[in-house]
Amino acid sequence: ALEADFVLPLADLHAWLKDHADAPDLPDHARAVRLRGTIDRVDRQVADPSRLAVLDYKTGKPPPVKRITELEDLQLTLYALAVELGAGEESAGAAGESAFYALGDDTCGPVVPARKPHPLTREVGDPGLLAAGAGALVELAVRASDPGAPVDLLPRFVAGEVTGKLPCRWCDHRGLCRVEERRIPELAVGLDDVVTAREVAP
């Protein structure tokens, strides 16, 4: 499937996490959270159609594999979990492999370690890195949806109280957030003029 949309309820992700690892309680304010996205490509294995491979194309510099292993970049992990939990209409099954696919001028191909499996490659039935990634995603979503949390960065920017660049490079939500694609009525342009791909690159 190409450009496979998904909507993953946080409650479903939390339930899956409880089956595979220790999971904290899910606060009431987070139960209605939905994680949405579009996966560039999902391939089905010919020998075993129940196994799927998740690919995300990168025209710029893709994140290093180490950032996935250390749960600093959760984009691929979220995509794999969405496929695993059947959150998309067209692509559901065991996400046995996941990788960024570079489409740069100098490099074209999957971004994988040189002499060992990709950290998101796993056997059917083994949650592998997905369990730890699910825990990190639940924690981030709970914090981001907390109505008492001081989430005031964008309003302060709009009000002219923030000078310089937004600190997206250090944000825990980097790799998932698409703030640069948002348009805010108070701004004449989208936030892509504030947060560029170059600014959020590692």
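**Group meeting talk: the sheet and its aromatic pairs**

Let's start with Tyr57. Tyr57 is partly exposed, at a relative accessible area of 28%. On the scale used here, buried means under 20% relative accessible area, exposed means over 50%, and partly exposed lies in between, with a 1.4 Å probe and protein chains only.

A word on the source. This is a predicted model, where local features need pLDDT of at least 70, side-chain atom pairs count only at pLDDT 80 or more, and totals for chains, interfaces and linings use all residues. Residues are numbered from 1 along each chain as its sequence is written, and side-chain values use heavy atoms, with hydrogens and water left out.

Now the sheet. Strands of a sheet pair through backbone hydrogen bonds, either parallel or antiparallel. Here we have an open sheet of 5 strands, in the order β1-β2-β3-β4-β5, with mixed pairing. Strands (E, at least two residues) and helices (H or I, at least four) are DSSP runs, numbered from the N terminus. Two strands pair if DSSP finds at least two bridges between them. At the edges stand β1 and β5 (108–110). Each has a single partner strand, so one side of each is left without a neighbour in the sheet. From one strand to the next, the twist averages 40°.

Take β1 and β2 (residues 34–44). They pair in the antiparallel sense, over 7 bridges. Leu2 has Arg41 in β2 as its bridge partner. Helix α1 (residues 10–20) packs on the sheet and touches β1 and β2. Contact means heavy atoms within 4.5 Å. The direction of α1 makes about 80° with that of β1. Axes are lines fitted to C-alpha atoms, for helices over the stretch in contact; angles run from 0 to 180 degrees between N-to-C directions.

Next, the rings. How many aromatic pairs does a search of the whole structure find? The search finds 2. Rings of Phe, Tyr and Trp (its six-membered ring) pair if their centres lie within 6.5 Å; planes under 30 degrees apart count as stacked, over 60 as edge-to-face, the rest as tilted.

Phe6 and Tyr79 are edge-to-face, 5.9 Å centre to centre, with 75° between the planes. Phe6 sits in β1 (residues 2–9) and Tyr79 in helix α3 (residues 75–84), 73 residues apart. Both Phe6 and Tyr79 are buried.

Back to Tyr57. Tyr57 and Tyr101 are edge-to-face too, 5.7 Å centre to centre, with 90° between the planes. Tyr57 lies in β3 and Tyr101 in β4 (residues 94–103), 44 residues apart. Tyr101 is partly exposed, at 24%.
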